[in-house]
Amino acid sequence: MIDWGFIFNQSLTQAIDFNAIAFVLAAMGINVHFGYAGLLNFGQIGFVAMGAYGFGLTFTLLGSNSVLLAVAVGIGFSVIFALLLGIPTLRLRADYLAIVTIAAAEIVRLVARSTPLRDITGGAEGLNQFIGPFRDLNPFNAGSVYGFGPWSYRGSQLFVIIIGWILVALVVLLIRQLMNSPWGRVVKAIREDEDAARALGKNAYWYKLQALILGGVLGGLAGMILAAGNAAIQPDFFSAPQTFLFWLVLILGGVGKVWSPVVGAVLYWVIITFIRNLGRQLVSAGYVPTTVIDTSQIDQIQFWIVGLALALLMVFRPQGIFGSKEEMALDAR
Amino acid sequence: MPSVRPGPGPCVYALAFVTGSGKCGAGVHRSWRPAALVASVAVLVLLPLAALGQEEESVFTQLRVENEEGERVPVEGVLITVTTPDEAAVGQAETDTEGIVQIAVPGPGEYLVTVDAITLPAGVFLRDPSRTTLSVNVLPGQLGRALFALSPTPPVDAEGGVLGGRINFSGRALAQLTTEGLKLGLFLAMAAIGLSLIFGTTGLVNFAHGEMIGWGMLWAYFFNVYGFAGAFGFLSGLPPPFGGGVNLIFAIMIAALFGAGLGYAMDKIVFAPLRRRGVSLIAQLVVTIGISIFLRYVYLFAFGGVPRFYEDYTAQSGNEFFGLITITPKDLITGTLSLLILVAIGFVLNFTRIGKAMRAVSDNRDLAESSGIDVQKVIRFVWVSGGALAALGGAFLGLSEVVGFNTGFRFLLLIFAGVILGGLGTAYGALIGCLIVGIGIQVSTLFIPTELKNVGALAVLIVVLVIRPQGIMGRRERIG
Amino acid sequence: MLDDATTTDQPLSRLPWEPGVSKPDPILVVDGMRRAFGGLVAVDVDHLEVQRGVITALIGPNGAGKTTFFNLLTGFDSPDRGHVVFDGDTIDKANPHNLAQRGMVRTFQLTKALTKLPVIENMKLGAKNQAGERFFKALFTPLWGKQESEIEQRADELLTRFKMDHMRDEYAGTLSGGQRKLLEMARSLMAEPRLVMLDEPMAGVNPALTQSLLEHVKNLREAGITVMFVEHDMDVVRDISDWVVVMAEGRIIAEGPPESIGQNKAVIDAYLGVHHDAALDLEEEEARLAEAQRSEEEE
């Protein structure tokens with residue numbers, strides 16, 4: 001029997017859970033990079049990792065109890081990562097940044113999980129003894145379950161979710177303000193034609209670096225939300241394909257629009273949770289024989305859909321599911 | 001990575017719990033009875049122990065090594081890591097005073113157990129340094145047991161004494177690692193040519209190139225192990241080469257052919273139409289990413305997450321050259337072959353009509369088009385030959401390393417490093433860059449832990465972009 | 001700044017007609033500039049001075065290195081060696097944006113209208129020293145709102161002058177080629193330049209608009225702005241330029257007032273030599289054009 005109630009319930013629960021929030025923030029970062037500044041960041045997960053590790057290491061390595069300090073360190077890590085990647089590549093063609101970011105994200109993962117750094121980063125197991133100071137701030141009862149309609153979360157989760165959505169709201173306001181300002185005009189001009197902007201006295205390199213840092217910090221915030229929500233940081237979560245989930249979220253919502261990552265992330269989590277749960281139930285209920293597919297493989301099929309959707313949307317609907325084609329038609333490229 | 005296979009000979013097992021697909025030579029069991037005997041005794045002794053943790057599934061291993069008196073003593077303090085097939089961490093622990101590690105796993109299924117060779121105490125070596133990771137199948141409510149063969153002496157035919165950890169510096173080790181690196185570099189270069197030519201002729205950086213490499217590797221594996229019968233079930237009754245696996249040499253040839261087919265299909269079905277529609281290069285680049293992810297997870301679905309080896313030519317003992325370096329016949333042959341192929345590519349590019357056309361298109365597409373070259377045809381040719389070369393490179397890499405669903409992607413990052421080092425879009429630059437990266441990776445293990453050797457190559461990529469972004473052979477006009 | 005155009009013609013008319021001649025009041029001085037691509041020397045200029053307040057045309061046969069020279073002067077390409085002084089300041093190896101901020105603003109052969117921004121935003125982008133272009137100030141509208149409305153007012157005035165005010169809120173991508181040229185010129189004026197460098201301002205412009213564009217260029221001179229432009233059309237050159245610089249094979253082979261150029265032997269050789277030996281066939285011409293466009297796009 002298929003428990004449709006459970007499936008819908010799960011889908012709605014996941015739609016606003018902390019994972020979705022992290023996706024919103026990371027995709028907003030890519031939106032700043034690609035949607036507004038035209039930068040190809042294929043290593044956003046590296047920024048997410050930097051934020052998460054910066055957050056976690058503040059507690060475990062520095063022994064601090066200050067959540068604010070941890071957030072500051074997480075942001076600092078993302079900024080340093082952006083500088084490291086941006087300074088050499090932002091003078092070059094766009095695809096160099098793509099190559100370097102995807103490679104750098106893998107470097108971060110491999111170094112974080114490496115044995116020589118086990119005493120610091122926890123090696124392949126990662127960090128999981130850092131959440132105490134954050135939990136202490138939680139006004140909700142960590143153990144009890146709070147709920148409304150189909151949504152119900154444990155107190156520890158609810159705290160992260162509330163902070164996360166407040167953060168998303170602030171970031172939306174921030175990006176909207178920036179993109180309606182002369183700063184945003186310069187950044188968009190650089191996306192359209194870098195030389196035109198330079199010929200008008202704009203230091204394209206410096207603006208691209210600023211955009212890379214801003215988007216990277218948003219990725220870092222996503223990492224902190226994940227670290228707080230999971231109460232753990234695992235290096236192998238930060239593998240290269242994750243970045244493209246964020247890309248898909250952005251393209252689902254429509255590139256270059258402030259709200260699109262929110263729409264995209266919620267949509268993504270509803271769809272994916274639905275497919276995943278339905279698939280699992282179909283298999284375990286015996287509708288699909290395990291010789292064809294077993295439950296662990298359902299998560300792999302999720303990535304088939306991600307890959308295909310990414311390619312198809314980019315070609316046929318770069319404006320997103322709900323976007324209009326008009327603005328895109330102006331694109332001479 | 002070294003490619004030492006255990007040969008017949010004295011082989012001391014840590015513990016002879018063999019379930020899952022521990023592959024340390026069934027033949028070895030037969031040829032050396034005492035190990036099997038010790039094993040069966042150990043099974044009896046440890047069965048009750050194993051029964052203790054029955055409620056939950058876990059992975060279990062015990063490391064023991066033979067001392068001078070021939071006693072088997074436990075090895076303490078060795079780090080064992082358990083991950084899922086797609087490398088998600090499950091648990092990590094050090095062996096206790098009994099040399100035992102038991103790590104709980106979330107449920108039944110396939111897991112990878114890795115021994116961290118650096119943490120092995122002095123005087124204890126892995127019998128086969130390349131087999132630091134084993135696959136273990138954990139059944140519901142049971143222990144999955146991993147078997148690591150340890151030895152008190154360094155591996156007999158170790159190429160440069162590669163032990164998974166840092167390597168002691170010696171002229172011999174340097175020579176050996178340089179040879180290994182040269183081989184790796186040649187394979188990378190062969191796989192990279194396609195990437196470089198596609199970039200040169202279309203301006204597209206193909207992020208799916210790693211999957212084109214994996215494609216060749218996996219088809220070579222498929223035909224080597226399952227043969228035509230794997231594809232056409234009705235053949236299964238027939239004798240080889242139709243019924244079972246075909247010899248690896250033929251399997252690799254078929255894989256190269258399939259690679260050409262994939263290249264053709266990608267251009268015909270995807271990129272030629274996109275060029276016709278005038279889709280921007282950036283959008284095309286995102287499309288290559290989509291294809292890359294799709295294919296990688298199709299591979300995972302079809303192949304599984306556990307790295308495997310070809311059936312043929314895995315265990316070869318090396319021949320010594322100049323009293324300095326040891327090379328296995330397979331490495332010698334594949335290395336020479338790839339060198340010949342690279343020379344042939346150079347010849348084609350310089351002296352044939354199609355080669356000149358390719359260079360003309362790379363140099364200036366519009367000029368080439370207006371001087372009567374069928375640019376679309378040239379691009380199609382580049383995709384087809386690039387696909388074949390990537391597949392061939394992948395198949396060779398599978399022989400010297402492991403066959404895995406994401407091996408291609410790992411190599412893609414190294415190829416990026418090589419291609420950027422040499423100069424993006426230049427065929428010779430790709431060759432030189434990849435050779436430097438290959439040698440650099442292997443020789444770097446003299447100074448840094450082997451698990452970080454690829455990180456070094458990727459870090460070099462960033463340094464190159466700071467110092468000389470156009471690479472060794474590139475022109476600065478191309479990069480800005 | 002010179003207030004009367006007629007007086008500016010006087011000093012130039014007395015100058016000898018020879019390459020590298022020194023001018024009474026140069027705004028731009030180039031010395032020993034060289035740029036090679038591989039073995040091909042694209043630009044090799046010993047000395048050039050550009051007179052302030054006049055319109056200088058840069059002409060030459062295809063492949064003479066005009067656009068490369070332009071790119072070198074405006075910082076979009078860097079010379080192998082050479083020395084440039086702009087209005088008294090040495091600007092060797094300066095970035096394009098630095099030069100633009102110092103008052104040297106260029107346009108492009110293929111227009112670079114920012115297609116996905118409205119015309120008015122294109123214009124506002126041109127203004128210099130905007131507080132709101134700084135990241136942290138951008139976050140607080142009061143810090144830049146007043147300046148923004150001033151800029152917008154100036155942009156509207158310019159748009160009216162260029163007769164484009166009716167397109168104010170359209171996306172620049174909807175403009176025709178000629179309108180884009182106009183927009184680009186108007187946008188460069190937003191940056192309050194002292195020297196405007198126009199790369200083939202008439203190329204690809206509908207004849208109906210040519211006259212209007214020419215008027216605008218002349219108006220720049222009346223406003224005291226120095227203009228240097230690359231052009232193929234000799235009629236245009238004769239019509240608006242005060243001084244003509246001729247390049248061939250990377251070198252400056254002649255200088256003089258427009259009416260002198262037609263009789264210059266070096267110029268005739270450079271132009272006609274090519275045409276006499278082998279008339280450029282259509283295909284080759286197109287290929288060269290495509291190449292030029294391609295290299296332009298790549299930059």
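Helices (H or I, at least four residues) and strands (E, at least two) are DSSP runs, numbered from the N terminus. This is a predicted model, in which local features need pLDDT of at least 70, side-chain atom pairs count only at pLDDT 80 or more, and totals for chains, interfaces and linings use all residues. Residues are numbered from 1 along each chain as its sequence is written, while chains are lettered from A and ligands numbered from 1 in the order in which they are written.

**Stop 1: A:Leu69.** Select helix α4 of chain A, residues 67-89, and find A:Leu69 in it. A:Leu69 has 15 other C-beta atoms within 10 Å and is therefore partly exposed; a residue is buried with 20 or more other C-beta atoms within 10 Å of its own, exposed with 12 or fewer, and partly exposed in between, with C-beta atoms placed from the backbone. Leaving aside neighbours within four places in sequence, A:Leu69 is in contact with A:Thr58 and A:Ser64, contact being C-beta atoms, placed from the backbone, that lie within 7 Å.

**Stop 2: α3 and α11 of chain A.** Select residues 44-60 (α3) and 204-230 (α11) of chain A; these helices pack at an angle of about 55 degrees, with axes 6 Å apart. Axes are lines fitted to C-alpha atoms, for helices over the stretch in contact, and angles run from 0 to 180 degrees between N-to-C directions. The angle makes α3(A) oblique to α11(A); under 35 degrees counts as roughly parallel, over 145 as roughly antiparallel, 65 to 115 as roughly perpendicular and the rest as oblique. Among the residues that meet are A:Phe47, A:Met50 and A:Phe55 in α3(A), and A:Leu221, A:Met224 and A:Leu226 in α11(A). The residues of this contact divide into 11 nonpolar, eight polar and no charged. Here Ala, Val, Leu, Ile, Met, Phe, Trp, Tyr, Cys and Pro count as nonpolar, Asp, Glu, Lys and Arg as charged, and the others, Gly among them, as polar.

**Stop 3: A:Gly256.** Move to the loop between α12 (240-253) and α13 (260-284) of chain A, where A:Gly256 lies. A:Gly256 counts as buried, with 23 C-beta neighbours inside 10 Å. Leaving aside neighbours within four places in sequence, A:Gly256 is in contact with A:Asn31, A:Gly35 and A:Tyr36.

**Stop 4: chain A against chain B.** Show both sides of the contact: 43 residues come from chain A and 46 residues from chain B. On chain B, β4 (79-83), β5 (89-94), α7 (281-303), α12 (407-422) and α14 (453-467) each supply at least two residues. The most come from α7(B), with 14 residues. By class, the side of chain B that touches chain A has 34 nonpolar, nine polar and three charged residues.

**Stop 5: B:Leu461.** Select B:Leu461, which, leaving aside neighbours within four places in sequence, is in contact with A:Val100 and A:Ala103, and also with B:Phe416, B:Ala417, B:Ile420 and B:Leu421.

**Stop 6: B:Leu177.** Select helix α3 of chain B, residues 171-202, which holds B:Leu177. B:Leu177 is buried, with 23 other C-beta atoms within 10 Å.

**Stop 7: chain C.** Colour chain C by secondary structure to see 12 helices and 10 strands. Of its 299 residues, 42% count as buried.

Technical notes
Contact = placed C-beta atoms within 7 Å.
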